[in-house]
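Dear colleague,

I am handing over a structure that you have not worked with before, and I would be grateful if you could look through it with the notes below beside you.

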Amino acid sequence: MTALPLGPAPARRTILRRRIRLLVAATIAYNVIEAAVAITAGTVASSAALIGFGLDSIVEVASAAAVAWQFSATDHERRERAALRVIALSFFALAAYVTFDALRALLGTGTAEHSTPGLLLAALSLGIMPFLSYAQRRAGRELGSASAVADSKQTLLCTYLSGVLLAGLALNSLFGWSWADPVAALAIAAVAVKEGRAAWHGDTCCTPPTATPEHNQSDPCCRTD
């Protein structure tokens, strides 16, 4: 039996590259706005969690910009390793800041006030980010791009942070449970370190799918659902 080629056809690859570029551009645009709103609202409310969320958006911009740089070249595979290293460092930077901010909050440094803009921003991000992450992860896996998949995980982590921020702001406003947000944030920091190590080593579960149906069904790395 003649072996069939790996990955999508050239025309399909062109469509996937264009799709990833559009998704990355949308992610960058949204995160720039998100960072500005979060840092402003956090400063007004003296909320370290909101300010940290804004800084996380900047980290996400750096990660997405690395993928945008990679896919600006026709032969994007040659830039894969460099893009993965930038994404890995973005994960580590995020984990370091979230850990620092969480420990500072647990030690009782400062008391955050209620922030309606912060609650609205966290809820909006919780609704938008999963769709961007899923679409980019699906395209990245089909194309076989480790960097696109890694960046989609960075976006997914931003979704988790949105949920943590929303819960933390709500619990603090309703019950004064200031410890809820930093405890959950420490768990997310651990996940960020794990994903950063995976990105650094290129282990992102995105080998291009083969044309063999049996392999595609048995290997979860090849699935796009």
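The protein chain holds seven helices and zero strands, where helices (H or I, at least four residues) and strands (E, at least two) are DSSP runs numbered from the N terminus. Read along the sequence, the pattern is therefore α-α-α-α-α-α-α. Please keep in mind that this is a predicted model, in which local features need pLDDT of at least 70 and side-chain atom pairs count only at pLDDT 80 or more, while totals for chains, interfaces and linings use all residues. Residues are numbered from 1 along each chain as its sequence is written, and side-chain values use heavy atoms, with hydrogens and water left out.

Of the 225 residues in the protein chain, 43% are buried, which means under 20% relative accessible area, with exposed being over 50% and partly exposed in between (1.4 Å probe, protein chains only). The accessible surface of the chain comes to about 11,100 Å², and 67% of this surface belongs to carbon and sulfur atoms; such areas come from the Shrake-Rupley method with a 1.4 Å probe, and for residues only the protein chains shown count as cover. Among contacts (heavy atoms within 4.5 Å) between residues at least 6 apart in sequence, 76% join residues at least 24 apart.

Two helix pairs involve α1. The axes of helix α1 (residues 10-45) and helix α4 (residues 116-143) come within 10 Å and cross at roughly 160°, the axes being lines fitted to C-alpha atoms, for helices over the stretch in contact, and the angles running from 0 to 180 degrees between N-to-C directions. That angle makes α1 roughly antiparallel to α4, because angles over 145 degrees count as roughly antiparallel, under 35 as roughly parallel, 65 to 115 as roughly perpendicular and the rest as oblique. Helix α1 also packs against α5, at an angle of about 30° and with the axes 12 Å apart, so α1 is roughly parallel to α5. In this second pair, I20, V24, T27, N31 and E34 of α1 meet A148, D151, T155 and C158 of α5.

Y30, in helix α1, is buried, with a relative accessible area of 15%, and a polar contact of 2.8 Å joins its side chain to that of S125. A polar contact is a pair of N or O atoms within 3.5 Å; within protein, one must be able to donate a hydrogen and the other to accept it, and residues adjacent in sequence count only if both atoms are side-chain atoms. Leaving aside neighbours within four places in sequence, Y30 is in contact with L121, L124, S125, I128 and M129.

L132 is placed in helix α4 and is buried at 14% relative accessible area; beyond four places in sequence, L132 is in contact with L23, A26, T27 and T155. In helix α5 (residues 146-175) lies S162, which counts as buried at 0% relative accessibility. The side chain of S162 reaches the backbone oxygen of C158 at 2.8 Å, and S162 touches F53, A122, S125 and L126, not counting residues up to four places away in sequence.
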